[in-house]
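Student: Could you walk me through this chain? I'd like to start with the overall picture and then go into some details.

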Amino acid sequence: MKRIITLLLCIALVLCALACAAPKPESDRPTVICTIFPQYDFVRQIAGDRVNLVMLSKPGAEVHGFDPSLSEMSMILDCDLFVYVGGETDRWVDDLLHKNGRDLNAVALTDLVDTVDEELTPGMQGEAEDKPEADEHVWTSPKNAIRIVEGLTDALCALLPDEAGAMRANAQAYINELQTLDDDFREVVGGAKRDTIVFAERFPFRYLCDELGLRYYAALPGCSSNEEVSISTVSFLIERVREERLPVVFTIEFSDGRIAKTIADAAGCEVLELHSCHNVSREDFDAGVTYLDLMRRNLEHLRKAVN
Ligand SMILES: [Zn+2]
């Protein structure tokens, strides 16, 4: 009899554990919509399958100039938490928030950190604007990523108070990894032979470079579309690589790397990619690539570039 009772108790315990561990059905979970990859990945690390997580931009798509369809707009208005970047690229969100007069639960990454304005560095192609826009690429510095994760954790815990303990534990473990990433970037740059990088594309890495004290030259400002880069800009960048004897010129994800190759051929250096994490390819998305994976890859490429 004792054995049977023990056995029944064990079965009950296992069933309870299974019930507790099983994710809630999809219909019971809140929906969180993220415009682009960085915050999609941050929410995934904090909340896991406690939420229905949607990335609005399709993997591999150009995220600048995104124009939501009517069905996407109504999906956003119906969601439980909407996470966007803020700034020029997301002007359409301001319209959506204000025109509809609905109380959308929304968080902008640019509200969670201190922003700096986009700037034109020497040699960079583009016209100085009367009123410079804030640089939107706040997630490119791991220090900012930590602040963003803290802000998103608060928003998610308010949405799911019963799950707050577990989500705060996830967030802390993830923040520890981001802190290690930040330490590693500082170690690479602190012990490097060089303090300058050249970027043959638009330049969304100001927050990372400012944080690390890196000097940079680039062809175009942060969010420019793929406009033609002038011969004088290319010549200027070739000169910088030659003068500073740089071993690497950087290109960006989804670029054909044509300008970088021209510079590399003329100045005799290597072309490497720095991934801005704006979006990932369909292949990377399906393989579950994370912000940390991409930034670790960036760290190794930067190590080569400054040594
Ligand atoms: Zn951008």
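**Talking through the model**

Student: How much of the chain is buried?
Tutor: Bearing in mind that this is a predicted model, 37% of the 307 residues in the chain count as buried.

Student: And how many helices and strands are there?
Tutor: The chain has 11 helices and 8 strands.

Student: What about contacts, what share join residues at least 24 apart?
Tutor: If you take the contacts in the chain between residues at least 6 apart in sequence, 64% of them join residues at least 24 apart.

Student: Let's look at strands β1 and β2, in which sense do they pair?
Tutor: Strand β1, covering residues 31-34, and strand β2, covering residues 52-55, pair in the parallel sense, with 4 bridges between them. The chain gets from β1 to β2 through helix α2, residues 37-47, and this β-α-β crossover is right-handed.

Student: Which residue in β2 is the bridge partner of Thr31?
Tutor: That is Asn52.

Student: Changing topic, where is Ala192?
Tutor: Ala192 is in a loop, the one between α6 (164-190) and β5 (196-202).

Student: Why does Ala192 count as partly exposed?
Tutor: Ala192 has 16 C-beta neighbours inside 10 Å, and so it counts as partly exposed, given that a buried residue needs 20 or more and an exposed one has 12 or fewer.

Student: Which residues does Ala192 touch, leaving out those up to four places away in sequence?
Tutor: On that count, Ala192 touches Val306 and Asn307. Although 114 residues separate Ala192 from Val306 in sequence, the two are 5.7 Å apart in space, taken from C-alpha to C-alpha.

Notes:
Residues are numbered from 1 along each chain as its sequence is written. This is a predicted model: local features need pLDDT of at least 70, side-chain atom pairs count only at pLDDT 80 or more; totals for chains, interfaces and linings use all residues. Two strands pair if DSSP finds at least two bridges between them. Helices (H or I, at least four residues) and strands (E, at least two) are DSSP runs, numbered from the N terminus. A crossover is right-handed if, with the strands pointing away from the viewer, the path from the first strand over the helix to the second runs clockwise. Two residues are in contact if their C-beta atoms, placed from the backbone, lie within 7 Å.
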